Amino acid sequence: MAFDNESFEEEENFAEMFAASEKQQEKSRTVEGEIVEIQADDNRALVGVGDKLEGILSLDEIRDENGELKFTTGDKIKVLVMGYYNERPKISHKKVLEQEKTIEFIDANKDDFEDLVVEGIITKKNRGGYVVEADTVSFFMPRSLAAFKDTDDVVGRKIKAQVIKIDPEENSIILSRRKLFNEERKKKKEIIDQLMAEDVIVEGVIKKITSYGMFVDVGGVDGLVHYNEISYKGPVNPSKLYNEGDVVTVKAISYDKDKRHLSLSIKAVQPDPWAEVESELDEGDTITVTVSNVEAYGAFVDLGNDIEGFLHISEITWNKNVKNPGDYLEVGQEIDVEVIEINSKTHKLRVSLKRLLPKPFDEFLKNYREGDVVTGTVTSLTDFGAFVRIDGVEGLLHNQDISWDKNTKAREVLKSGEEVEVKIAKINAEDQKISLNRKTLLESPIDKFATTHKVNDVVTGTIRDIKDFGVFVSLEDGVDALIRDEDLTPLNKEELEIGQEIEAAIANIDTRRDRIRLSVKKLDYIKNQAMLEEINDNESHSLGDLIKDKLNK
């Protein structure tokens, strides 16, 4: 199909007119419309905006806080015509309200906005920057002033920014987050420089409490009060002493420029109680304290002047088997203790409770003597014996003193916690050691052996051990005897073996020292004597018979 010049020009003019019309429609304008119809099922209202045109308005824009509609059919309503879609006007009542709020904001602040800071939500992001809304007022923040990374997802984020420009003609308000940061940084630097230079004491508000300390706001600057800087007692749990929002008096003690970390102290504004301790207390002094905390390794005690001392588990009682300090102490209990160490450099104080208590060993010496037979409690078993407690003092019952059987071990016949009767064999006052004996209270196998045997009796035993000085022989009922080398004659020691039976005569029975000596030499002598007696007896009978025969003749 061909086109003549006239038709082409007409089409071109129409296109220009359409473009001009579109451009005109893109310009927003506020009109007073009338609600023609409410279509609740579609959640919309038809609003007449003039020229027999009706725009569609979402009912969500005209609901109150309770969800009720603020307008009905026939009501006049201001709407913003923002363009057209499918020949219908695009309208918004909410935008009108926002524009009004924006105009109100501009009128109120256009002459004085240098220090104005707003807090709002980023609702939109475009190539130029970000749209921020606060109290239904729209603001614009250029990308170059936002101080965000390009990769940051910031839509929906709550921010603070400073107003840097208000344009009443364009109804626009420009924000800068970067300028706010710079201003705050400058202000914080001034505050920190003042705190550090003037060594001032200020009040702050606790913003956050953690396990390691508290963050305190001092004039808009956050500083950390480490738990070591709360009290002269040492590390404390801040949550037990303070709540967020509490006002505290603090002093700046350091500032890390690289990390921008301000350190504050509460205890630095208080008098140092250690000065009083160092001037008033000496090691060896007795003081009254209150148990403030009980741990598995000991207890902390309060001296009443913001100083704590430490009572180690080993200083609670003379009993060496303390498992739990809580069995002896409880929080809030008042006790008398002895000061055993004052460390001025580390600000540590150690105390002792047991040193004010009677020493069990001293009491033991008053009440017991060597040779006494007593009943004690087995406290522990070892490879070499057992420890037995007697009136708070422990004595050692060695394996060799448990039974007459030399092979018996403590673990085999005793149990921890069992009561056992023992004899006090030895008391070493200088080393505070006690030796006990149990076997002396039992019947000695040698005593029993002595009731049925005597010196010169011939016995048979088994060689148990061969030593340089002689041979040990096992006899009946677990009795051991010794044959010295000089008593082995006429046997040859080199020919003897362990387990071999050997016969000997009893040379000595010493029940007091629990010893028996045998002698092969003596057995040989006894046997020889018996043979001589028999020979002599036979010879005397023969001579008598000869004399008798001669007399008879």
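Reply: Let's start with Tyr297, which is partly exposed: its relative accessible area is 43%. Keep in mind that this is a predicted model. Phe310, by contrast, comes out as buried, because its relative accessible area of 19% falls under the 20% cut-off. The two rings have their centres 5.9 Å apart and their planes at 50°, so they make a tilted pair. That pair ties together distant parts of the chain: Tyr297 belongs to the loop between β16 (286-295) and β17 (298-302), while Phe310 is in strand β18 (residues 308-312), 13 residues apart. Phe300 joins in too, as ring pairs link Tyr297, Phe300 and Phe310 into a cluster.

Now for the nonpolar side of things. The largest nonpolar core holds 21 residues, and Leu329 and Ile335 have the most contacts inside it. At least two residues each come from α4 (273-280), β16, β17, β19 (334-343) and β20 (348-352). β19 gives the largest share, four residues. As for Leu329, leaving out residues up to four places away in sequence, it touches Val291, Val294, Ala299, Leu311, Ile316, Ile335 and Leu353. Another core, of 20 residues, lies apart from that one, with Phe113, Tyr130, Val132 and Phe139 among its members.

Back to rings for a moment: a search of the whole structure turns up nine aromatic pairs. One to look at is Tyr212 with Phe215, where the centres are 6.4 Å apart and the planes at 90°, so this pair is edge-to-face. Tyr212 is partly exposed at 39% relative accessible area, and Phe215 is partly exposed as well, at 26%.

Note on methods:
Residues are numbered from 1 along each chain as its sequence is written. This is a predicted model: local features need pLDDT of at least 70, side-chain atom pairs count only at pLDDT 80 or more; totals for chains, interfaces and linings use all residues. Side-chain values use heavy atoms; hydrogens and water are left out. Rings of Phe, Tyr and Trp (its six-membered ring) pair if their centres lie within 6.5 Å; planes under 30 degrees apart count as stacked, over 60 as edge-to-face and the rest as tilted. Buried means under 20% relative accessible area, exposed over 50%, partly exposed in between (1.4 Å probe, protein chains only). A nonpolar core is a set of buried Ala, Val, Leu, Ile, Met, Phe, Trp, Tyr and Cys residues joined through side-chain atoms within 4.5 Å. Contact means heavy atoms within 4.5 Å.
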